[in-house]
Amino acid sequence: GAEIPVKAILHGIGVRQVHVGAGLRLSTSGSQLTADSSQLTAMSPERISGVDAPEVGLPIAVFKAGQLLASRKFAETFRDYTAIDLETTGRDAESCHVVEIAAVRVRRGQPVAEFSSLVKPDVPIPADATRTHGISDADVANAPSFADVWPKFREFCGNDVVVAHNGYQYDFRILKRLAGSLRGLGTFDTLPLARELVPASRRLEDLARAYGIDVGRSHRALDDARALAKVFLHLNEAKLAQSRKTSLVHLLDHLGVALALTQPHDVESEAKLLLDLARPYAMGGFSECLDYYRVMRDDLGDQSLPTLDDVIEKLGGRERMNRIRAQRSADERYPVAMERLRRLLVGIANGESSLAEQIARFLERVALSVTEGQAADRDRVNLLTLHSTKGLEFSRVYIVGVEDAQFTPGERPSKQEIEEARRVLYVGMTRAKDRLVLTRAESRGGRPTGGTQFLDEMGLTAVVAPPSPPAVMSAVGTYLLEPTPGL
């Protein structure tokens with residue numbers, strides 16, 4: 001009976017015609033299939049049976065072949081790219097300057113070209129930065145400025161996907177701030193990929209050593225870019241291997257039925273391991289594999305095949321199946337997450353917008369409501385980020401620190417960054433039903449906080465509050481907005 005779930009697996013991986021049955025025979029012409037007196041025409045049919053996979057058995061062989069086919073499309077992913085690295089005046093991505101920039105172009109997995117240049121920053125290089133990368137003010141005294149280097153670097157990268165390690169938190173943020181925009185430049189950060197695949201240290205030099213890659217001189221842009229170019233290849237190979245192992249999860253239920261019907265298996269065999277893994281899928285309430293088996297058995301009319309009750313017994317029995325199907329619902333297992341999901345879905349579906357528009361609106365809400373940690377507690381003051389307040393309302397809302405330095409960090413925020421900050425502030429302000437309080441500080445940690453562009457745009461007048469302890473905040477201004485009818 002295992003040929004029935006194997007047929008389902010073959011259908012699942014894209015084989016259009018699969019014929020099963022003991023009466024099947026292949027004609028001498030190779031163009032006609034005959035089964036139980038029915039003429040079945042096929043192009044170059046091929047017969048497969050258990051003898052084609054003597055070591056692992058036909059069910060596992062077909063399933064693994066399907067995994068290879070399913071993951072084949074990932075094999076050529078990121079074979080062409082450009083790995084980059086920066087050396088800077090400090091670790092703060094919002095204020096540091098570039099002192100060295102490098103890139104390595106990769107084609108079909110092989111480095112083919114390099115770009116490297118020292119950069120003269122607008123500020124002196126701190127001593128601790130020099131101790132890290134070895135670049136001093138004297139080294140960059142005659143180097144070009146970032147404005148001069150950037151066009152050449154951008155031309156070298158071309159239309160490639162640009163790869164950096166911890167790029168989204170560091171390299172790409174610095175380049176975007178200094179260049180004004182990375183529009184048209186595809187970016188990829190290898191650090192999240194390393195976190196997914198590597199249990200040990202994910203520092204670039206540690207990854208390189210783990211893969212046997214020469215790191216050259218660490219914390220020099222070109223050597224680090226060379227190392228990253230090779231590390232990324234190894235990470236891609238590991239990701240491809242993982243993709244193969246985790247593909248075709250939707251066919252595990254049929255594999256479970258096939259392995260149950262081909263028992264017994266050795267205790268330490270792969271078949272036993274996969275059967276234990278696939279059994280809950282096969283017996284779960286969301287699978288149709290058992291109904292598929294029953295219908296196919298009836299169509300074949302072969303009474304020698306195991307019955308549906310036999311299959312269930314081989315999988316572990318009806319009592320076990322009922323226990324698996326009696327698992328708690330998502331509402332019972334994840335009450336907080338499900339309640340949040342329902343809040344996000346309120347008002348999304350309506351007859352006036354298309355499905356694509358509804359999905360886009362839902363994703364926008366999700367992006368603005370990312371939150372972590374505990375659910376709100378009514379018996380205490382709860383602090384939320386402005387992004388996480390999307391879709392919520394409160395009687396009173398207090399937005400703390402409405403200063404340019406808080407909303408648009410960095411020396412020269414772009415127009416897009418200012419517009420995004422204004423939009424986020426608007427989201428927070430419109431959460432208030434009865435009263436909205438905005439506060440700002442003139443200084444933090446002994447340093448001035450800068451301007452208050454958004455407050456000035458609204459024409460608000462500060463109510464100066466008594467100074468708080470200097471170590472926390474000084475010269476606090478508070479702005480009160482009372483609801484205005486029709487506003």
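The model is predicted: local features need pLDDT of at least 70, side-chain atom pairs count only at pLDDT 80 or more, and totals for chains, interfaces and linings use all residues. Residues are numbered from 1 along each chain as its sequence is written, and side-chain values use heavy atoms, with hydrogens and water left out. The protein has 19 helices and 13 strands. Helices (H or I, at least four residues) and strands (E, at least two) are DSSP runs, numbered from the N terminus. Of its 487 residues, 38% count as buried. Buried means under 20% relative accessible area, exposed means over 50%, and partly exposed lies in between (1.4 Å probe, protein chains only).

**Confidence and contacts**

- The average pLDDT (the predictor's confidence in each residue, from 0 to 100) is 84, and 87% of the residues score at least 70.
- Residues 28–40 have a pLDDT below 50. In the model this stretch makes 27 contacts (heavy atoms within 4.5 Å) beyond near neighbours in sequence.
- Residues 470–475 also stay under 50 in pLDDT. Eleven contacts beyond four places in sequence are modelled for residues 470–475.
- Take the contacts between residues at least 6 apart in sequence: 63% of them join residues at least 24 apart.

**The five-stranded sheet**

- The strand order is E6-E5-E4-E7-E8. The sheet is open, and its pairing is mixed. Two strands pair if DSSP finds at least two bridges between them.
- Strand E6 (110–118) and E8 are the edge strands, each pairing on one side only.
- From one strand to the next, the twist averages 25°. Axes are lines fitted to C-alpha atoms, for helices over the stretch in contact, and angles run from 0 to 180 degrees between N-to-C directions.
- Helix H6 (residues 190–197) packs on the sheet and touches E7 and E8. The direction of H6 makes about 35° with that of E8.

**Antiparallel pairs: E4, E5 and E6**

- Strand E4 (residues 81–88) pairs with E5 in the antiparallel sense, over eight bridges. Ile84 has Ala103 of E5 as its bridge partner.
- E5 and E6 also run antiparallel, joined by eight bridges. Here Glu100 stands opposite Leu118 in E6.
- E5 is largely enclosed by the rest of the structure, because eight of its ten residues are buried.
- E5 and E6 form a hairpin with two residues between them.

**Parallel pair: E7 and E8**

- Strand E7 (residues 161–164) and strand E8 (residues 186–189) run parallel, with four bridges between them.
- The chain passes from E7 through helix H5 (residues 167–179) to E8, in a right-handed β-α-β crossover. Right-handed means that, with the strands pointing away from the viewer, the path from the first strand over the helix to the second runs clockwise.
- Val163 has Phe188 of E8 as its bridge partner. Ala164 is partnered by Asp189 of E8.

**Helices H8 and H18**

- H8 has 26 residues and reaches 36 Å from its first C-alpha to its last, close to the 38 Å expected at 1.5 Å a residue. The expected span of a helix is 1.5 Å times one less than its number of residues.
- Helix H18 (residues 415–429) has 15 residues and should span 21 Å. Its end C-alpha atoms are 21 Å apart, which agrees.
- Buried residues in H18 are Ile418, Ala421, Val424, Leu425, Val427, Gly428 and Met429.

**Backbone features**

- Gln263 and Pro264 are joined by a cis peptide bond, with omega about 10°. Pro264 is in the loop between helix H9 (252–261) and helix H10 (270–283).
- Arg108 has phi near 50°, a positive value in a residue other than glycine. Arg108 is in the loop between strand E5 (98–107) and E6. Arg108 is exposed, with a relative accessible area of 54%.
- His219 has phi near 65°, again positive in a residue other than glycine. His219 is in the loop between helix H7 (204–210) and helix H8 (221–246). His219 is partly exposed, at a relative accessible area of 31%.
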